[in-house]
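Dear colleague,

I am handing over the structure we spoke about, and my notes on what was found in it follow directly below. Please read them with the coordinates open beside you.

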Amino acid sequence: MIIDLPETTTETVNKKLVELRETGGAVTLGRVLTLVVSADSANSEAVIEAANEASREHPCRVIVVTRGGRDGESRLDAQIRVGGDAGASEVVVLRLSGELAGHESSVVVPFLLPDTPVVAWWPGDAPAVPSRDPLGQLAIRRITDATGTADPAATIKSRLDSYTAGDTDLAWSRTTPWRALLTSAMDQPPHEKLISATVSGLAEEPAIDLIAGWLASRIGGPVRRRVGIPTVDLERETGSVSLTRPQTGKTATLSRSGAPDALVSLARRETRDCLAEELRRLDPDEIYRAALAGLSRVIYE
């Protein structure tokens, strides 16, 4: 069910939410968090779809804030989505125009669920320092996504300077299957330390940079970042491990010295899956921070 409330107020929207709970069975009981999304109008539907899918694992209230033009009178246009149009959540879309467009946090506060944590998500361009942004100050967890920015490589490298406990990036979540496979491969004999690594991929893919930063934070030898087919080559004293996947493929080849090659599932992760992973934890991600710090040791070729 989708209900449009043009030229409205936060009080009217909240009353409508209560009415829907009382008459239609839509409830907020069991909601585990509030997800606040600052999105562009152009991609808001894709963002809502990803949040809806993630909410099936983490029931929540989703508040999507978009900005209209700053000229003209202040205006709030709202939309409420419940039932099949909201996954396991209830979605409140708020479009702010005029002077109101500069006061996102003030408009959002009346819709925060009591006694539940708040997570902020910027699917596109994010504030330079998310923790100091008015929306970021409401949240205990702040999610950015360097992948869709104008300069993904520069953006992910800038995250360390702005890092505050609770920050994370969906580019980091996209590396999870890679890190899991590499860690599992290194747990096999001969159990030797890594002496060097080379990571290849698209120049504008921040997930590749983060894999390189993660490896640099864990080994003492050099870590090189190259442009090419997505590949991670790990060197040990008596052998090597290599994980390669075609850019648009769903299956990777895992090669180890002295063992036959193995084909493993390694499809690119969808935004909804990355978001769901980040919503599982509300504590600081120290490994992500270490990967950001490790970027300064990576050799770019």
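Strand 7, which covers residues 141–144, pairs with strand 8 in the parallel sense, and three bridges join the two; within this pairing, Thr-168 of strand 8 is the bridge partner of Ile-143. Please keep in mind throughout that the model is predicted.

Both strands belong to an open sheet of eight strands, whose order is 1-4-5-3-2-6-7-8 and whose pairing is mixed. At its edges lie strand 1 (2–5) and strand 8 (167–169), each of which pairs on one side only. If direction is ignored, neighbouring strands of this sheet are turned against each other by 20° on average. Helix 2 (residues 44–55) packs on the sheet, where it touches strand 2 (33–38), strand 3 (60–67), strand 4 (75–81), strand 5 (90–97) and strand 6 (118–121), and the direction of helix 2 makes about 170° with that of strand 3.

Turning to the helix pair, helix 4 (residues 152–162) packs with helix 7 (residues 206–216) at an angle of about 40°, and their axes are 9 Å apart. That angle makes helix 4 oblique to helix 7, and the crossing of the two helices is right-handed. On the side of helix 4 the contact involves Pro-152, Ala-153 and Ile-156, which meet Pro-206, Asp-209 and Leu-210 in helix 7. Sorted by class, this contact of helix 4 with helix 7 has five nonpolar residues, one charged residue and no polar ones.

Technical notes:
Residues numbered from 1 in each chain as written. Predicted model: local features only at pLDDT ≥ 70, side-chain atom pairs only at ≥ 80, totals over all residues. Heavy atoms only, no water. Axes fitted to C-alpha atoms, helices over the stretch in contact; angles between N-to-C directions. Helix = DSSP H or I, 4+ residues; strand = E, 2+ residues; numbered from the N terminus. Parallel < 35°, antiparallel > 145°, perpendicular 65-115°, else oblique. Left-handed = near helix turned anticlockwise from the far one by under 90°. Contact = heavy atoms within 4.5 Å. Nonpolar A, V, L, I, M, F, W, Y, C, P; charged D, E, K, R; others polar. Pairing = 2+ DSSP bridges.
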